[in-house]
Amino acid sequence: TEPAVERAGSYLGFDERFNRYYTEQGWTPSETIYVAPDGSGSGASPSEPASVESALGRVGPGTLVEFLAGEYAGCYELDSSQSGTYDAPIVLRGARDGDGAPLVRIDCCDTGRRTCINLEAADYVAVDGFELAGGRYGVRAVGAGYAADEHQVGVAVLNSVGHDQGADPFFTGQSDWFVIEGCTGHDSGEEDGHAIYLSNGSDWNIVRHNETFNTVSSDFQVNADPLSTCADEDIAYDDPECDAVAGSSPTGGRGASDFILVEGHSCHDSLAPGP
């Protein structure tokens, strides 16, 4: 489908800051690195793919990491030193068949964050076209801290399937200008049990054309979480630092979630409330 917002457009009265890979159809990378489950080459072409770890160790703004079809096992991570930019995002893209179904499966590891793809304070990263199985999280996208100036910015999770995670297939915390579109989350477990969980005062989000089902907790939850973001920091709930509307001050509103578009979302057959 067409993106909900076009590049350099307006989103609910604000100049958009979403991931360019999402807002600009036809985006082209400055470099492409091909990876395979058993890759050991340079990554310069599909015939000489690199390992995922090697590719992620050398990504920079504008890099496309192209996952060739196959079954991968591990937990892959980008941190604050491996961010893209508004003009040049980093893209992790999996091969898909003619109907759009993922041909890349990642079986999450069971150590550390237990997350198939962990974006830890990494900005402007797009994740597109994966099956994410097991672990605690499928995609985990979080900022560096509860202050608004430490939020993550510009992550997009697209056309992916997450299932059988102990907690949540798709989880965010302090993640602004985040979009999740065309994804399916199901069969999440009792460690948390949501399919899509947007938390900790994330602002300017888009949740669009996703499907969630068979979860222990609500299929889809937005949790601003002032208990953690404000009370744990000794900030009163009615202090503007906690309760201000996003964009009204440099660090205001850490305990609220504002400007979230939900469109065409299907919740069904859950063991708790849907949204």
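Which residues form a disulfide with their sulfur atoms 1.9 Å apart? Select Cys75 and Cys109 in your viewer: these two are the partners. Keep in mind as you go that you are looking at a predicted model.

**Stop one: Cys75 and Cys109**

Zoom in on the bond itself. The torsion about the S-S bond is -105°, and the link of Cys75 and Cys109 is left-handed. The pair ties together distant parts of the chain, 34 residues apart. Colour the loop between strand E5 (70-73) and strand E6 (76-79) to see where Cys75 sits. Then colour the loop between strand E8 (104-107) and strand E9 (115-120), which holds Cys109. Cys75 is partly exposed, with a relative accessible area of 29%, whereas Cys109 is buried at 19%. The cut-off for buried is under 20%.

**Stop two: Cys108 and Cys116**

Next, select Cys108 and Cys116. Their sulfur atoms lie 1.7 Å apart and form a disulfide. Is this one left-handed or right-handed? The torsion about its S-S bond is about -85°, so the link of Cys108 and Cys116 is left-handed.

**Stop three: Cys230 and Cys242**

Now move along to Cys230 and Cys242, which are joined by a disulfide with an S to S distance of 2.1 Å. Here the torsion about the S-S bond is 95°, making the link right-handed.

**Stepping back**

How many disulfides does a search of the whole structure find? There are three. Show them together and follow the chain: counting the bonded cysteines along it, the pattern is 1-3, 2-4, 5-6.

Finish with Cys183. Cys183 is buried, with a relative accessible area of 2%. Then select Cys267, which is in no disulfide. Draw a distance from its sulfur to that of Cys183, the nearest cysteine sulfur, and you will find 14 Å. Cys267 counts as partly exposed, at 26% relative accessibility.

Notes:
Residues numbered from 1 in each chain as written. Predicted model: local features only at pLDDT ≥ 70, side-chain atom pairs only at ≥ 80, totals over all residues. Heavy atoms only, no water. Disulfide = S-S within 2.5 Å. Helix = DSSP H or I, 4+ residues; strand = E, 2+ residues; numbered from the N terminus. Buried < 20%, exposed > 50% of the residue type's maximum accessible area, 1.4 Å probe, protein only.
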